Amino acid sequence: MGIARTSLYVGLGATVLFLVATALSPPASAASAEERVDHRTQEALAMDAHPVRGKELYSEYCSRCHGDAGQGNAGKVIPVLAGQRFTYLVRQLANFAGAERESSTMHGEATQPAINGPQEWVNIAAYLNRLTPPVDAQIGSGKALQLGRGIFHEQCASCHGVDASGDPDGFVPSLRHQHYAYLDEQMHKLADGYRHNADEDLVRFMRSFDERDMRGTADYLSRLQGSGKDRKTMRQDGVVVN
């Protein structure tokens, strides 16, 4: 009887410890989702890119929202994709497919079997990266333009580059030739925690902005035209990307 009672206590103790440890630990699903996105991104970047096939996929699954030439839609707050950094595009397709970015529309599109895979992501990214960015991106009112310029060059250029074309590796996006409405919305989403795949330091930084700071910075960036710094490289598959 004593042995049985002791075993029962030991068993209950182990159960309680397990439950406490589980409660204190971060959710396994959250960690594994991010790890899966990282793995699939690297898997895609190691694959040969086929821009011609990417054009076919983009035309069928993406163009009705993002435009035939990747020009986006300022009125619907849909971003310009033409000329965006190759690596960043691959990463974001992986994020949407893995539900690491908020957007019910993009989740629905990115999880369609025909485009939900590393090979398809790298194909679409290679096609979009080659497109010429639009010259008529929506701009802001100009009321806080100089404030926005100062904020960007003092606070943002260290990551996005002095020309706002992103980092050398391409994981940081180009912010050039982008619609004002989209830039403004994304800064608000960062500050409000909706871009939960974003760096925590960036989120805290955006929360220090007031409305005028965001409008001014978005306005300044929306007026930057052209490709900025040329970082084009030839991949092993012979595809030139930026």
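**Close-up 1. C156 and its closest cysteine.** The sulfur of C156 lies 8.5 Å from the closest cysteine sulfur, in C159, too far for a bond. A disulfide is a pair of cysteine sulfur atoms within 2.5 Å. C156 counts as buried, at 14% relative accessibility. Buried means under 20% relative accessible area, exposed over 50%, and partly exposed in between (1.4 Å probe, protein chains only). This is a predicted model: local features need pLDDT of at least 70, side-chain atom pairs count only at pLDDT 80 or more, and totals for chains, interfaces and linings use all residues. Residues are numbered from 1 along each chain as its sequence is written, and side-chain values use heavy atoms, with hydrogens and water left out.

**Close-up 2. C62, another cysteine.** The whole structure has zero disulfides. C62 is in none; its nearest cysteine sulfur, that of C65, is 8.7 Å away. C62 is buried, at 15% relative accessibility.

**Close-up 3. A126 in helix α7.** Helix α7 spans residues 118-130 and holds A126. Helices are DSSP runs (H or I, at least four residues), numbered from the N terminus. A126 is buried, with a relative accessible area of 0%. Leaving out residues up to four places away in sequence, A126 touches A49, P51, F86 and V239; contact means heavy atoms within 4.5 Å.

**Close-up 4. The largest nonpolar core.** This core has 31 residues, and Y58, F86, V90, W121, I124 and L128 have the most contacts inside it. A nonpolar core is a set of buried Ala, Val, Leu, Ile, Met, Phe, Trp, Tyr and Cys residues joined through side-chain atoms within 4.5 Å.

Notes:
Helices (H or I, at least four residues) and strands (E, at least two) are DSSP runs, numbered from the N terminus.
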